[in-house]
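Let's take a friendly walk through a protein model together. Please have a look at the sequence and the structure below before reading on.

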Amino acid sequence: MNKLDCEDLILRTTSLLVVILGSLNGKEEKDIPEGLRRNIERLSGSFHQVLGELRTIERRAQKSITGFVYYLDNAEKLKSCVMKLDWAMQEFQVTSKVDTCLSELQRYEQLKKGQTEILEAVGKSQAEILEAVGKTQKELSIISISLPSSVMPEDPIIFGREAYVERAVILILSNDQVRLAILGPGGMGKTSVALKIVHDARVVARFGRRCYWVPCEQATSLNMFIELIAKSLDLPATTSNDRFKDIIASLESTIVLRFFLLDNFETTWDIEGQQSEIAQHLSRLASVPGVSFIVTMRGTHYPTLNSTQWTQPRLPALEPLALDPARQAFLRIAPSATEDSELDSLIKEVDRMPLAITLMAKLADAGESPTDLLEQWKIELTGLLDQAGGDRSNSIEVSIRLSLQGNSVKHCPEATDFLRILARLPAGMPLDKISDFCPSISNWRKAIRILRGASLIYDSADKLSVQLLSPIRSFILLHYPIADGPLQDLRSSFYKLGLKGISFPGDQDFLLNKEMLEQVEINLEAILLDALQSETADKEAAIQASANYAQFLYWTQCRTEVIAKAVEVAAGCNSRLYGECQYRFGEILRTRAEYPEAESAYKEAKAHFEEHGDTRWVAQCLRALGVMYRRRQRYSEAESLLSEAQSAYADIGSQAGMTQCLKDLGNIYLERLELERAESVLMEAKSEFIRTGSRLDIADCLSSISEMYRFQGRWEEAESMVKEAQSMYTLIGNHEGAAKCKMSLGDMLRMTDRLDEAEAILQESRSQFIHFGCVLEAALCLAEIGSISRLQGKTAKALEELNEAKTLLSTYGHNWVDFCQQELDEITQLDVPNVT
């Protein structure tokens, strides 16, 4: 509070001296009457007492700035100075005595000398304070006695807020008086939008020059807020006991339309212990005829208006920009970034927050590419956008810190505790999981209410979770580390969710588990990656959870980041789970048609299990290698490995494993067109799976048998069988298997000249394969689509599709490269119209 007392003392002293000097200006000493001289002498004595106190404080400041600001005695002395000046001002009765004694001016030089001494002392004391404070800026704010400029800032250039501005302007024009508020998180561009509204030609035409800017970030007391309003109106300094009453009297003396922009009003509104008085003053200002205002304020809660209401309908809180205007804003500052492929990714990474976009664009304009900035952001987080000596308008960290220092957040420790946990969850916190994820936060509802009000968190579109904007999340991660206890609780909760990944299509709970994991997979990946890289986490628990999650991904989306990191960590700590991680990694790589990498992972896993004598896992690795070799058309090696795996399963008495190998051998015979042998083996496998109730394996057999019928030209049976397989895959939740059935059905329709139906089904299948990460199957679909385009006479389209498919398939060494070439040869040999 000492800083505020200093400011108050300086304002009182300066205001009093300005009045006295202004009244005596140009008068001669002989005109000063004796009574006024005695009053001035008494006042001078009070000033000298204040001067003595200030010099005491000055000496302490030179020794220790920290002692100056926080030392209780200093605070009492400052308050004593203020009281002495108040008493002196009342006794002297400046305005009345100056007005009645202008004809009696004497001892002018004596008073002038005393006044000069006081001004010099005040100035010197302030200079000493500022010099000392400047050495410890990280502890204190610089004290300033000057009020900010009240000149309205220039009309800004903004993007993506046109509809918002138009809505506000219409409200202004359609009401005699308006009371509007632009709310939202820090860095969302509230001030820029407000200035755009004020500078709108229609608003200017209505209010003319009577638009006033009140920069409330300087209003750290009610008195300062009042002085800022007075300065915006160019009201002269006065020693009136009620400055606000003077403002209201001035406004009501001439009833004209006036418009105030109360910018960054949260600084004033959050003054501790004065909110009720501020609400009264704001309401009184709103009641003056002809007065309108717009408030910009971080948060979502409107300030209280006691005697009136906010204009309806209220303006909505500002949200992040849409991608297109965000890109426009970036390129206006850094036009050279147009061609950078990562520009949109960078903009999305900062959640399209206007301030973050502006600061990123300035870095790009200085020579950094969006690609480089994206990488730096992932490492430095909000530190990348922090500017030394920056304020809320040019430092993302300053802007966020101001929101965190608001009274409501500051007085609720559980609010910041909740932020620490929420920052670990990039997809937000599901409301129905808060008790599980945050057991250490008992009053989380209050924390959420306060954080919503401060615009530090927001609700998801479906209202089922709360989230953080990316820059705020990054700031919390950087500056608000989570304690070990809550972090372990959070990890344990997600490890339990990871256990649900070990089921597979056909299991009773697979669909329920799949739905649950799909809702949390972004957060689960973030928790797992963080734990795998942490020095304090339980590595075995993190690795096991990662392996479980990888099994889920194998059936849904073949992403490798988590399991690849788990393999690396397991190798580094000689984990017993190293073999399982390599096997799971190989399964995903095989699905992605990354065959050399998959082969290496399988062989590493096999070697690990052989070393540890785990025959079951060795058999699984042998079978997986056999399936992979079949996909690469290396049939002899595949058959040998599958036979070996079948024997290994027999040794441990696994009938299910033996039958699965039998099914895989049937697929080899099918692809080698040994149709009778394939039919016999596949039918035998299917019968065994029906006996055991393995629906996934039954669907696999149905799909393979439909292919056999297709090769035999039994089209109706093939189509019926593949549709049955597709239905079963869909029923048990194996969408990749269903997509393969669609691809097979599309091929049948193509070969039976039902081209339009075939193309639609193949396009759908290709999109699904791309989504799953099955790049080989997506390339096969494209080859068939290219063939259909050729048959439809769409030559240019066919050439593009077939060439792209051929390139992709050659990467994987697939024999359909020959199919693509044959189709291309057909185009070059025939004179087909070039229809696009």
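A residue is called buried when its relative accessible area is under 20%, exposed when that area is over 50%, and partly exposed in between, using a 1.4 Å probe and protein chains only. Cys661 counts as buried because its relative accessibility is 0%, and Cys820 counts as buried because its relative accessibility is also 0%.

Keep in mind that this is a predicted model, in which local features need pLDDT of at least 70 and side-chain atom pairs count only at pLDDT 80 or more, while totals for chains, interfaces and linings use all residues. Residues are numbered from 1 along each chain as its sequence is written, and side-chain values use heavy atoms, with hydrogens and water left out.

How confident is the predictor? pLDDT is its confidence in each residue, from 0 to 100. The protein chain averages a pLDDT of 85, and 80% of the residues score at least 70. Over residues 94-108, however, pLDDT stays under 50.

Now to a strand, which is a DSSP run of type E with at least two residues, numbered from the N terminus. Strand β3 covers residues 258-263, and six of its six residues are buried. In a regular strand the side chains alternate between the two faces of the sheet. In β3, Arg258, Phe260 and Leu262 point one way, whereas Phe259, Leu261 and Asp263 point the other way.

Which strands are joined to β3? Two strands pair if DSSP finds at least two bridges between them. Strand β2 (residues 211-215) runs parallel to β3 and is joined to it by five bridges; here Trp213 has Leu261 as its bridge partner. Strand β4 (residues 291-298) also runs parallel to β3, again with five bridges, and Val295 of β4 stands opposite Leu262.

Aromatic rings come next. Rings of Phe, Tyr and Trp (its six-membered ring) pair if their centres lie within 6.5 Å; planes under 30 degrees apart count as stacked, over 60 as edge-to-face and the rest as tilted. The count is 14 aromatic pairs. One of them is the edge-to-face pair of Tyr554 and Trp555, with 4.8 Å centre to centre and 70° between the planes. Both of these residues, Tyr554 and Trp555, are buried. Elsewhere, ring pairs link Tyr583, Tyr602, Phe609 and Trp617 into a cluster.

A charge sits over a ring if NZ of Lys or CZ of Arg is within 6 Å of the ring centre and within 35 degrees of the ring normal.

| Charged residue | Ring | Distance from ring centre |
|---|---|---|
| Arg314 | Tyr302 | 4.1 Å |
| Arg677 | Tyr669 | 3.8 Å |

How values were computed: Helices (H or I, at least four residues) and strands (E, at least two) are DSSP runs, numbered from the N terminus. pLDDT is the predictor's confidence in each residue, from 0 to 100. Contact means heavy atoms within 4.5 Å.
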